[in-house]
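Subject: Protein and RNA model, handover and notes

Hello,

Here is the structure I said I would pass on. Please keep it open while you read the notes below it.

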Amino acid sequence: MKFRTIKGTKDILPGESALWQYVESAVRRVMQSFNYQEIRTPAFEQTGLFARSIGELTDIVSKEMYTFLDRSEESVTLRPEGTAATLRAFIQNNLGEQSPLTKVYYIGPMFRQERPQAGRLRQFHQFGAEALGASSPQLDVEMMVLPLEIYKQLGIDRFSLKINSVGCEKCRPAYKQLLQTELRKVFTQLSHDSQVRVEQNPLRVLDSKDEKDRELTAGMPLMNNHLCDECAVHFASVQSLLDALELTYEVDGRLVRGLDYYTKTAFEITSTALGSQDALAGGGRYDLLMEELGGKQTPGVGFAAGLERLLMVLAKLEKNITASSVPVIYFVGLDEPSRIWAFLKSNELRRQGICAEVDYLGRSVKSQMREANRMQARFVIVVGEQELKTKTARLKNMQTGEETAVSLDHITFPS
RNA sequence: GUGGCCAUAGUUCAGUUGGUUAGAACGCCAGGUUGUGGCCCUGGAGGUCGUGGGUUCAAAUCCCACUGGUCACCCCA
């Protein structure tokens with residue numbers, strides 16, 4: 001009998017957790033600089049919340065959600081993304097009444113039941129942010145700057161930023177009809193997936209990865225050429241702000257993204273250092289979503305980024321980040337009284353915040369020294385009958401090998 | 001959901017046309033120094049060869065099924 005992790009889930013082992021913490025602290029640091037506060041919502045919610053916000057017809061809702069009935073027959077779902085729950089919390093707790101603009105970030109596990117592959121897991125981790133209450137294009141840009149700044153601080157530079165505008169409720173319907181008319185002309189030649197989308201979500205057909213679909217739709221009208229005045233001005237502002245920040249980006253008129261709730265700005269950050277699943281982060285504006293979920297009309301914009309994929313890029317770029325802690329002092333005990341003394345002394349040092357380690361296995365001096373070496377302990381003190389009697393010992397610098405006399409009552413470490 | 005590839009010590013892998021007690025490297029443990037690590041040397045522990053079935057005198061090796069992993073498609077973080 002052997003228990004294993006569920007398909008598509010992974011243990012983050014002791015050897016890797018320091019790197020995770022390093023990345024997470026970079027995320028938190030940048031978020032704080034931009035004055036975003038953390039929000040922690042439950043890992044699961046009522047199924048309807050996701051169906052309503054993400055869209056019944058999206059891949060996420062139609063085939064990827066971890067949905068099950070709990071013991072009271074209520075349908076619950078492990079969150080597949082972070083925005084829906086954040087807005088739910090915003091509405092439920094009347095955050096909009098406390099201040100006109102709410103800026104929050106989150107970091108935590110998400111769940112989607114897909115076939116795992118490189119860069120895709122069933123439980124994966126995202127960090128993201130949402131700015132709720134303002135329609136300024138500055139915030140749209142802030143959502144791109146946040147992940148880009150985090151990547152920059154981690155030393156990642158090989159990414160590309162693609163942006164688009166998917167319009168709003170005023171301009172999208174007319175464009176949608178225009179596009180559908182064009183698509184129907186080549187309907188029979190389209191791929192099966194695209195044929196289904198012609199009626200349900202025609203914009204997505206333009207984002208098809210199918211070669212034939214690409215050719216067929218090559219000359220078709222794009223949303224960003226049919227924006228209403230408001231959306232056009234907004235999109236232009238986003239671009240001029242990006243220009244002013246000297247950020248390189250590409251306008252991709254076919255970019256749509258897989259969540260139905262976007263209005264106006266949509267964007268995606270990809271990395272050439274990744275494999276087939278190359279999206280590092282994505283986001284956009286969702287001015288209608290709050291009302292859709294039963295809240296007061298509140299504009300909003302956000303982004304989400306994958307932690308595993310960020311870690312994959314770091315690994316690919318061979319950024320050697322050593323963030324793990326090592327013991328300052330390792331006590332080698334020769335006999336039982338010395339071992340007990342070492343245990344008590346290390347306890348005392350530990351309470352002062354100094355990482356101290358001892359041998360718990362009754363091992364030989366040689367083994368204890370090897371252990372201290374393996375742990376990369378900075379100093380070693382060998383304690384025996386002699387040392388306890390004289391209250392002095394030799395402090396060995398493990399890097400240089402040199403030994404200096406120290407008092408066992410007042411151990412001090414040279415810097 | 002569909003498809004390709006893979007499955008042998010803790011890890012990375014070898015295993016000759018099926019043929020005796022399945023190997024290496026690294027790692028781990030111990031010793032070489034009756035109280036001092038790294039390098040080196042010696043020894044040791046560790047494998048129901050993913051699981052089940054079949055072919056055969058004989059299967060890690062050939063066949064089938066299953067399970068798991070991995071990569072790709074769709075889509076996304």
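Some housekeeping comes before the findings. This is a predicted model, in which local features need pLDDT of at least 70 and side-chain atom pairs count only at pLDDT 80 or more, while totals for chains, interfaces and linings use all residues. Residues are numbered from 1 along each chain as its sequence is written, chains are lettered from A and ligands numbered from 1 in the order in which they are written, and side-chain values use heavy atoms, with hydrogens and water left out.

RNA contacts

There are 51 residues around RNA strand B, and Arg-112, Arg-257, Gly-258, Ser-276 and Arg-374 come nearest. A residue is counted as near when one of its heavy atoms lies within 4 Å of the strand. By class, this surface has 24 charged, 14 nonpolar and 13 polar residues. Here Ala, Val, Leu, Ile, Met, Phe, Trp, Tyr, Cys and Pro count as nonpolar, Asp, Glu, Lys and Arg as charged, and the others, Gly among them, as polar.

Which part of the RNA faces the protein? Of the atoms of RNA strand B within 4 Å of the protein, 53% belong to sugar or phosphate, and the rest belong to bases.

The elements that each supply at least two residues of this surface include α3 (59-64), β6 (123-132), α8 (192-200) and β10 (279-285). The largest share, seven residues, comes from α15, which spans 365-374. Helices (H or I, at least four residues) and strands (E, at least two) are DSSP runs, numbered from the N terminus.

- Asn-373: an N or O atom in its side chain is 2.8 Å from a base nitrogen of RNA strand B.
- Glu-114: a polar side-chain atom lies 3.0 Å from a base nitrogen of RNA strand B.
- Gly-306: a backbone N or O atom lies 3.1 Å from a sugar or linking oxygen of RNA strand B.

Salt bridges

Glu-114 also forms a salt bridge with Arg-120, with the closest N and O atoms 3.5 Å apart. A salt bridge here is a side-chain nitrogen of Lys or Arg within 4 Å of a carboxyl oxygen of Asp or Glu. Glu-114 counts as buried at 16% relative accessibility, and Arg-120 is buried at 19%. Buried means under 20% relative accessible area, exposed over 50%, and partly exposed in between (1.4 Å probe, protein chains only).

The whole structure has 23 salt bridges. Asp-359 takes part in one with Arg-339 (3.0 Å, N to O). Asp-359 lies in the loop between β13 (356-358) and α15, and Arg-339 in helix α14 (residues 336-351), so the pair ties together parts that are 20 residues apart in sequence. Both Asp-359 and Arg-339 are buried. Asp-359 also meets Arg-363 in a salt bridge (2.9 Å, N to O); Arg-363 is partly exposed, with a relative accessible area of 26%.

Elsewhere, a network of salt bridges links Asp-140, Lys-170, Glu-230, Lys-264, Arg-285 and Asp-287.

The sheet

An open sheet of eight strands runs in the order β1-β5-β6-β11-β10-β9-β7-β8, with mixed pairing. Its edges are β1 (37-38) and β8 (250-251), each with a single partner strand, so one side of each has no neighbour in the sheet. Two strands pair if DSSP finds at least two bridges between them.

Strand β7 (residues 159-165) pairs with β9 (residues 263-271) in the antiparallel sense over seven bridges. Phe-159 has Ser-271 as its bridge partner in β9, and Ser-160 has Thr-270. With β8, β7 pairs in the parallel sense over two bridges, and Lys-162 stands opposite Glu-250 there.

Backbone angles

Most residues other than glycine have a negative phi. Asn-35 has a positive phi, near 65°, and is found in the loop between α1 (14-33) and β1. Gln-376 has a positive phi of about 60° and is placed in the loop between α15 and β14 (379-383). Asn-35 counts as exposed at 56% relative accessibility, and Gln-376 is exposed with a relative accessible area of 56%.

Regards

How values were computed: Polar contact = N/O pair within 3.5 Å; in protein donor to acceptor, adjacent residues only side chain to side chain.
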